[in-house]
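Subject: Structure handover

Hello,

The structure is below, with notes on what was found in it. Please read them with the model open.

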Amino acid sequence: MNREDFNMLKKNIVYLDNGATTLKPNCVKEAIDDYYDNYTANAHRGDYKTSLVVDNKYEETRSKIKNFINAKEGSEIVFTSGATQSLNYIIFGYFKNVLQKDDEVLITVSEHASNILPWFILTKEIGIKVKYIELDENYKVTIDNVKKAITNKTKVISIAHITNVVGDIRPIEEISKIAHKNNILLVVDAAQSIAHTKVDVQKMDVDFLVFSGHKMYGPTGIGVLYGKYDLLEKMHPVNYGGGMNALFTKDGYIELREVPIRFEAGTPNIEGVIGLSSAIDYINNIGINNIEQYERELRKYLIDKLKELDFIEIYNSNTDSGAVAFNIKNVFAQDTAIYLDKYNICVRAGNHCAKILSDALKVNNTCRISLSFYNTKEEIDLLINVLKNSKNIYNEIL
Amino acid sequence: MDSSERRNIILKNYQDNTNRKDVEDSDYIKVNSRNASCIDNINIYIKINDDIIEDIKFNGEACVIAISSTVTLINNLIKKNIDEALNIIDNYEKMVDGLDYDSQVLNELLAFDDISKQPSRKICATLASRKIKEILEKSM
Ligand SMILES: Cc1ncc(COP(=O)(O)O)c(C=O)c1O
């Protein structure tokens with residue numbers, strides 16, 4: 001769908017690394033150009049006409065995001081540089097101040113590093129414990145296993161909506177019910193889901209949620225931290241400086257501005273916000289449900305084709321999202337990626353920032369295909385053909 | 001070296017598992033070598049007796065260039081004294097960097113002579129040499 005909107009797709013490449021970042025449609029680029037060509041100014045400084053335009057666009061985007069994820073209030077949307085910064089902000093700005101020694105946070109081994117390492121740091125800084133929800137044989141999180149992992153010390157569950165290697169979709173709504181029944185807060189990493197399925201923070205009833213603009217057809221360097229308003233009110237700023245303070249005096253007294261402005265110190269990534277705004281319009285125009293349905297069909301097609309190749313090992317044929325982890329048997333993942341690259345097919349090789357997942361998968365490194373709505377069955381046919389001809393892979397890559 | 005000759009050597013050594021095993025012997029110095037930007041990750045075990053490299057083993061996961069260059073290098077270093085070994089590594093790394101080098105000491109390592117034209121693969125081709133060099137320099 002909509003391939004004509006992407007200049008990168010005119011370059012004779014088959015782009016199958018959408019989990020890493022998505023390509024950008026022309027409208028995103030044009031919106032950014034428009035800002036630089038026609039109304040460049042800083043934000044929150046509305047003393048003249050162009051700067052007022054910037055302010056309006058900036059706050060309009062906040063409200064657009066609020067609608068996109070169905071938050072209650074625009075003030076629950078904080079702009080960050082991406083999912084990583086959002087998670088760090090939540091963990092160091094909120095949880096570091098409310099958790100106590102021996103409190104437990106539940107994660108899984110398939111989380112992204114950005115949802116593991118900050119928690120590890122809190123184990124050292126304040127003595128919390130990181131515990132893992134066990135995965136089932138398809139690497140999924142089951143409600144039973146969530147229940148089993150909860151103790152009277154559990155204070156937080158912090159998990160991805162969709163994981164980036166296995167691509168399993170977590171039953172967030174049900175997990176949230178169990179969490180809240182036990183007075184546990186739920187943090188959801190929606191980096192891999194936001195552009196591929198409907199994310200509704202009220203329906204899911206999550207306490208915090210994060211995502212990145214660049215994985216949803218927007219620019220790099222912009223992301224979102226969603227938090228329920230009463231939680232954000234208790235969150236401490238991590239960065240202090242201009243824009244976020246209402247008043248400060250010589251003796252060190254600081255009065256903060258309101259939520260969420262107090263979390264956006266310094267000049268924000270204005271072009272990022274404007275680009276993200278355009279990306280959201282773009283997704284809304286296609287329709288997230290259409291995207292989901294199309295990508296699901298495409299994945300089924302891909303899996304069926306891959307399964308016909310007996311020399312391919314697939315690690316996650318039983319998950320529903322657009323990520324497929326595979327290897328050519330007895331070939332190192334990176335060699336496979338280099339081979340596919342010879343045919344301009346872009347896939348990711350490695351452990352995908354989920355280094356502790358390898359024990360569960362029983363393989364250290366995989367090639368990952370992650371789909372988007374602009375991928376086609378023809379591209380998959382091409383991939384399959386190239387894989388079929390991989391008998392002499394070393395002749396081609398050496 | 002022409003490209004089919006090059007490829008044959010690289011592939012032959014890639015498949016050569018003679019020295020590809022973990023070692024539990026305390027006579028061996030163990031060192032890990034990784035490329036953070038990709039996913040190469042091997043352990044290297046070196047046994048030095050007086051001035052002589054008695055044995056080198058390795059194990060781990062890495063791409064064909066990294067594994068094959070490791071095997072080829074190990075084959076060249078075993079039974080050499082430390083000076084000779086460092087000289088081989090020095091010339092090998094010069095070759096990989098596209099500098100002048102002494103081809104007489106490199107034997108099959110010459111199969112990697114066009115890596116200098118593929119900058120992104122230099123780190124693969126030097127996965128073992130970088131660490132072995134460190135160990136040898138410390139052992140002098
Ligand atoms: C599941 C998941 N969480 C978090 C991130 C981090 O996103 P970013 O690098 O944009 O901060 C990623 C990116 O790969 C991801 O896949």
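Predicted model: local features only at pLDDT ≥ 70, side-chain atom pairs only at ≥ 80, totals over all residues.

Residues are numbered from 1 along each chain as its sequence is written, chains are lettered from A and ligands numbered from 1 in the order in which they are written, and side-chain values use heavy atoms, with hydrogens and water left out.

The interface

Chain A puts 14 residues into the contact and chain B puts in 13, where contact means heavy atoms within 4.5 Å. About 1,200 Å² is buried between the two chains, 60% of it on carbon and sulfur atoms. Buried area is the accessible area (1.4 Å probe) that two parts lose on being put together, summed over both. On the chain B side, B:R7, B:I39 and B:E61 lose the most area to chain A, together 48% of what that side buries. The number of salt bridges between the chains is zero; a salt bridge is a side-chain nitrogen of Lys or Arg within 4 Å of a carboxyl oxygen of Asp or Glu. In chain B, α1 (3-14) and α2 (64-77) each supply at least two residues of the side that touches chain A. α1(B) gives the most to that side, with four residues. Helices (H or I, at least four residues) and strands (E, at least two) are DSSP runs, numbered from the N terminus.

Chain A

A:T163 lies in the loop between β5 (154-160) and α6 (172-181). A:T163 counts as buried because its relative accessible area is 3%; buried means under 20%, exposed over 50%, and partly exposed in between (1.4 Å probe, protein chains only). The side chain of A:T163 makes a polar contact of 2.4 Å with that of A:D168, and a polar atom of the A:T163 side chain is 3.1 Å from the backbone nitrogen of A:G167. Leaving out residues up to four places away in sequence, A:T163 touches A:S110, A:D168, A:R170 and A:Q192.

A:N70 is in the loop between α2 (49-68) and β2 (77-80), and A:D102 is in the loop between α3 (83-98) and β3 (104-107). A:N70 is partly exposed at 31% relative accessibility, and so is A:D102 at 26%.

A cis peptide bond, with omega about 5 degrees, joins A:V259 and A:P260. A:P260 sits in the loop between β10 (254-256) and α9 (270-286).

Chain B

B:D113 is in the loop between α3 (82-96) and α4 (122-125). The side chains of B:D113 and B:R6 make a polar contact of 2.9 Å. Not counting residues up to four places away in sequence, B:D113 touches B:M1, B:R6, B:M95 and B:Y101. B:D97 is 16 residues from B:D113 in sequence, and their C-alpha atoms are 9.4 Å apart.

Regards

Notes: Polar contact = N/O pair within 3.5 Å; in protein donor to acceptor, adjacent residues only side chain to side chain.
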